[in-house]
Amino acid sequence: MTFRIASSPHQHSQRDTGQLMRLVIWCALPGLLIQSWFFGWGSLIHFMLATMTAIITEAAILEIRKRNFEVAIKDCSAILTALLLAVSIPPFAPWWISVIGTFFAIAIVKQLYGGLGFNLFNPAMAAYVVLLISFPVQMTAWLPPSSIAMHSADLIDSLSVIFTQYSTDGYSLGQLQNGIDGHTMATPLDQVKTDLTLGLTYNESLNNPIFESGLGIGWLWINIAYLAGGIVLLKQKAINWHIPVGMLGALALLALLFNWYDADQFASPLFHLFSGGIMLGAFFIATDPVSAATTDKGRLIFGASIGMWIFLIRNFGGYPDAIAFAVIIMNMAVPLIDYYFRPRTYGHGRSKS
């Protein structure tokens, strides 16, 4: 037996970085698969494209920096970044969206700052924001769920649309976006936001075919899958509960208060919690140990602030969903949060005088 002395922080589970990253990836895969079930093969294809781009980019940059790229790639952090970005972009976005976004996430957000452990921002979310601002048309071209789509797309069609923007039958992406009623579909969040600007009430917006029992078709099950994966991460002590609870709690509380104030203009808490990528953001994105707050109180403030920003941008901003923007904003606030909520040195409490 050997007695090994190491500096803090100490991880009692004895997981190395690769084991932790692989656990997070495995817990996120059910959400990816369910998303593919409802919206087609596109997300899986983009995951493969993003993974190849992430590995090649990370290996090339580490080779230039004279670092051991084999060890760095085996930690799977690049693959996790690819996964988080792939599930965030529309399934039938052009192939170069994944390539550009993943290259930016790895080369600029991660490696430019020194690599894993030194990045100031969550790489996947920073890349998503850049893509959304730079290519708004491609980044908002979501398809209707397969159950109400006018034209279905199998694996070959999905590959054809992603690489040529046309299916094998000649349907364009715009045609594939049509639902069974012939109208172009949007995400539930985008649909509600658009309807409210047109003078409809929240309840009237729910009459759209993409909604079922007050929630978007498919999005409920996608969020449940990520919630289940997040619970596994909590039970395995891979993440702390403070950020997810703070984020979901603040979002639900604000949604409840505003919905109570004006139910015609503000969606219900359940709609907010199970629309878009909220559970993905709460358990897999905001909990990034590198770019998040480091103390328990700080994590609660960090998570609650993300929830607040999501609600404000969803309801009063220009984008229907706001997870990436909220996370990036609070990444910038982490040094301030850590400064004011840092733990006191043992034996040096506040003076009573």
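Nonpolar patches, as the term is used here, consist of Val, Leu, Ile, Met, Phe, Trp and Tyr residues that have over 30% relative accessible area and no salt bridge, with side chains joined within 5 Å. The structure is a predicted model.

**Surface patch**

One such patch on the surface is formed by Trp41, Trp95, Leu155, Ile156, Leu159 and Phe163, which together have about 560 Å² of accessible area. Helix H8, covering residues 155-164, gives the most to the patch, with four residues. Trp95 belongs to helix H5, which spans residues 95-110. With a relative accessibility of 35%, Trp95 counts as partly exposed, because that class lies between the limits of 20% and 50%.

**Nonpolar cores**

In soluble globular proteins, nonpolar side chains tend to be buried together. In this model, the largest nonpolar core has 86 residues. Those with the most contacts inside this core are Tyr226, Leu233, Phe271, Phe284, Phe302, Ile306 and Ile310. Helix H1, residues 17-39, gives the most to the core, with ten residues. A second, separate core has nine residues, among them Ile45, Val161, Leu173 and Leu176.

Phe284 illustrates the contacts made by one of these core residues. Apart from its neighbours within four places in sequence, Phe284 is in contact with Val24, Cys27, Ala28, Leu84, Tyr226, Gly229, Gly230, Leu233 and Met279. Tyr226 and Leu233, both in that list of contacts, are also among the residues with the most contacts inside the largest core.

**Individual positions**

| Residue | Relative accessible area | Class |
|---|---|---|
| Ser275 | 0% | buried |
| Met21 | 13% | buried |
| Trp95 | 35% | partly exposed |

Ser275 is placed in the loop between helix H14 (269-273) and helix H15 (278-285). A polar atom of the Ser275 side chain lies 2.6 Å from the backbone oxygen of Phe271. When residues up to four places away in sequence are not counted, Ser275 touches Leu189, Asn223 and Arg314. Its relative accessible area of 0% is under the 20% limit, so Ser275 is buried.

Met21 is located in helix H1. Its relative accessible area of 13% also falls under 20%, and Met21 is therefore buried. Beyond residues up to four places away in sequence, Met21 touches Asp75, Cys76, Ser77, Leu80 and Leu116. Met21 and Ile79 are 58 residues apart in sequence, and their C-alpha atoms are 8.6 Å apart in space.

Definitions and conventions
Residues are numbered from 1 along each chain as its sequence is written. This is a predicted model: local features need pLDDT of at least 70, side-chain atom pairs count only at pLDDT 80 or more; totals for chains, interfaces and linings use all residues. Side-chain values use heavy atoms; hydrogens and water are left out. A nonpolar core is a set of buried Ala, Val, Leu, Ile, Met, Phe, Trp, Tyr and Cys residues joined through side-chain atoms within 4.5 Å. Buried means under 20% relative accessible area, exposed over 50%, partly exposed in between (1.4 Å probe, protein chains only). Helices (H or I, at least four residues) and strands (E, at least two) are DSSP runs, numbered from the N terminus. Contact means heavy atoms within 4.5 Å. A polar contact is a pair of N or O atoms within 3.5 Å; within protein, one must be able to donate a hydrogen and the other to accept it, and residues adjacent in sequence count only if both atoms are side-chain atoms. Patches are made of residues with over 30% relative accessible area and no salt bridge: like charges are joined within 9 Å, nonpolar side chains (Val, Leu, Ile, Met, Phe, Trp, Tyr) within 5 Å. Accessible areas come from the Shrake-Rupley method with a 1.4 Å probe; for residues, only the protein chains shown count as cover. A salt bridge is a side-chain nitrogen of Lys or Arg within 4 Å of a carboxyl oxygen of Asp or Glu.
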